Amino acid sequence: MTSVNTIKTVGLLTVLTLLLIFGARVLFGEGAVVPALVLSLLMNFGTYWFSDKIALKMTGAKPVSEQDAPEVARIVRGLADRAGLPMPGLFVIPQAAPNAFATGRDPQHAVVAVTAGILDVVNERELRAVLAHELGHVRNRDTLVMAVVASVAGAIAYLAQMAQWSMWFGGRDDNEGGSNPVAMILGIILLPIAAMIVQLAVSRSREYGADDTGAEVSGDPLALASALRKMHSVSRQVPLAVNPSTASLFIVQPLVPGGLSGLFSTHPPIEQRIARLERMAGAELPASL
């Protein structure tokens with residue numbers, strides 16, 4: 001399963017890179033292809049080294065010691081040992097909405113963050129399943145993959161914005177090797193959408209994979225299903241106020257989509273995730289654990 005996921009991820013990353021090159025060519029001509037590749041490499045380098053710091057800063061997460069959060073630390077340490085991972089750093093987001101995420105370029109630099117409100121919503125059994133899910137992201141190397149995917153998708157969106165401003169303020173000469181205005185307009189509209197669709201495909205696939213790994217590590221698929229149900233329900237009433245670019249990091253969708261925006265959710269439908277976990281457990285999720 002891991003090899004299949006790796007092949008899928010490499011394929012999707014390749015599609016994003018080709019979109020970046022194609023977008024640079026369509027929007028700015030042949031001369032922009034090499035600069036676009038250089039920009040992508042620089043962004044990926046920065047993402048590799050600083051993605052965890054950026055994510056923690058944007059979510060307002062604060063570091064805590066094992067003495068500050070003994071219950072969370074005890075569970076994480078036990079799960080990390082079971083998963084064959086080093087003990088990650090612990091962070092708390094001072095918000096009431098129940099949620100959690102993991103980040104870091106590799107298991108040796110991983111961190112796990114939970115919101116202050118998660119302990120008010122889930123019980124210990126469910127918390128253990130949630131933290132196992134996050135360690136699943138770490139073991140599957142999702143944290144780095146998602147950061148790189150986001151950086152390339154962001155570069156494509158940035159190119160489209162540059163092209164839009166260029167058209168508004170005089171554009172460029174067709175003699176420079178660029179495309180016609182119709183192609184530029186189509187590129188400005190369609191390229192960011194295509195990049196977002198690929199990004200969402202990676203994000204949703206990774207959530208399913210972390211559910212599977214987390215259920216395996218915790219040995220309790222129904223506890224994870226119950227936690228997802230609870231957190232999803234509460235999050236619809238108490239949204240987690242974070243930057244939209246960090247939404248894909250969290251275990252449940254932190255922003256209430258509403259309307260057609262649900263089509264572009266960074267997470268699979270909660271009902272489908274619960275159904276998959278029920279099949280793993282061979283039992284239906286009861287009304288209460």
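Glutamate 216 is exposed, with a relative accessible area of 52%. In this predicted model, glutamate 216 forms a salt bridge with arginine 139, and the closest N and O atoms of the two are 3.4 Å apart. Glutamate 216 belongs to helix α6 and arginine 139 to helix α4, so the chain positions they link are 77 residues apart. From here, the briefing moves through the other charged pairs, the sheet, the cores and the chain as a whole.

**Salt bridges**

- The structure holds nine salt bridges in total, and the pair of glutamate 216 and arginine 139 is one of them.
- Arginine 139, the partner of glutamate 216, counts as partly exposed at 31% relative accessibility.
- Aspartate 220 and arginine 125 meet through their side chains in a salt bridge of 2.5 Å, N to O.
- That pair also links distant parts of the chain, 95 residues apart: aspartate 220 sits in the loop between α6 and α7 (221-235), and arginine 125 in helix α4.
- Aspartate 220 counts as buried at 16% relative accessibility, whereas arginine 125 is partly exposed with a relative accessible area of 39%.
- Glutamate 66 and arginine 77 form another salt bridge through their side chains (2.5 Å, N to O).
- Because glutamate 66 lies in the loop between β1 and α3 (70-83) and arginine 77 in helix α3, this pair ties together parts that are 11 residues apart in sequence.

**A buried charge and its network**

- Salt bridges with shared partners join Glu207, Asp211 and Arg273 into one network.
- Aspartate 211 is part of helix α6, which spans residues 181-218.
- With a relative accessibility of 0%, aspartate 211 counts as buried.
- The side chains of aspartate 211 and arginine 273 are joined by a polar contact of 2.9 Å.
- Setting aside residues up to four places away in sequence, aspartate 211 touches His133, Leu224, Leu228, Arg273 and Leu277.

**The sheet and the helix packed on it**

- Four strands make an open sheet with mixed pairing, in the order β1-β2-β4-β3.
- β1 (62-63) and β3 (100-103) are the edge strands, each pairing on one side only.
- β1 and β2 (residues 89-93) run antiparallel and are joined by two bridges.
- Lysine 62 stands opposite valine 92 in β2.
- Helix α4 (residues 124-139) packs on the sheet, where it touches β3 and β4 (111-115).
- The direction of α4 makes about 25° with that of β3.

**Nonpolar cores**

- The largest nonpolar core has 40 residues, and Ile118, Leu131, Met231 and Ile251 are those with the most contacts inside it.
- At least two residues of this core come from each of α3, β3, β4, α4, α6, α7 and α8 (270-281).
- Methionine 231 is in contact with Pro98, Asn99, Ile118, Val121, Val122, Val130, Ile251 and Val252, leaving aside its neighbours within four places in sequence.
- A second, separate core has 24 residues, among them Leu19, Ala153, Ile156 and Ala195.

**Leucine 249 in a loop**

- Leucine 249 is found in the loop between α7 and α8.
- Leucine 249 has a relative accessible area of 18%, so it counts as buried, the cut-off being under 20%.
- Beyond its neighbours within four places in sequence, leucine 249 is in contact with Ala55, Ala100, Phe101 and Ala102.
- Leucine 249 and aspartate 142 are 107 residues apart along the chain, and their C-alpha atoms are separated by 9.5 Å.

**The chain as a whole**

- The protein chain has eight helices and four strands.
- Read from the N terminus on, its elements run α-α-β-α-β-β-β-α-α-α-α-α.
- The protein chain has 289 residues, of which 47% count as buried.
- Among contacts in the protein chain with a separation of 6 or more, 71% come from residues 24 or more positions apart.

Note on methods: Residues are numbered from 1 along each chain as its sequence is written. This is a predicted model: local features need pLDDT of at least 70, side-chain atom pairs count only at pLDDT 80 or more; totals for chains, interfaces and linings use all residues. Side-chain values use heavy atoms; hydrogens and water are left out. Buried means under 20% relative accessible area, exposed over 50%, partly exposed in between (1.4 Å probe, protein chains only). A polar contact is a pair of N or O atoms within 3.5 Å; within protein, one must be able to donate a hydrogen and the other to accept it, and residues adjacent in sequence count only if both atoms are side-chain atoms. Contact means heavy atoms within 4.5 Å. Two strands pair if DSSP finds at least two bridges between them. Axes are lines fitted to C-alpha atoms, for helices over the stretch in contact, and angles run from 0 to 180 degrees between N-to-C directions. A salt bridge is a side-chain nitrogen of Lys or Arg within 4 Å of a carboxyl oxygen of Asp or Glu. A nonpolar core is a set of buried Ala, Val, Leu, Ile, Met, Phe, Trp, Tyr and Cys residues joined through side-chain atoms within 4.5 Å.
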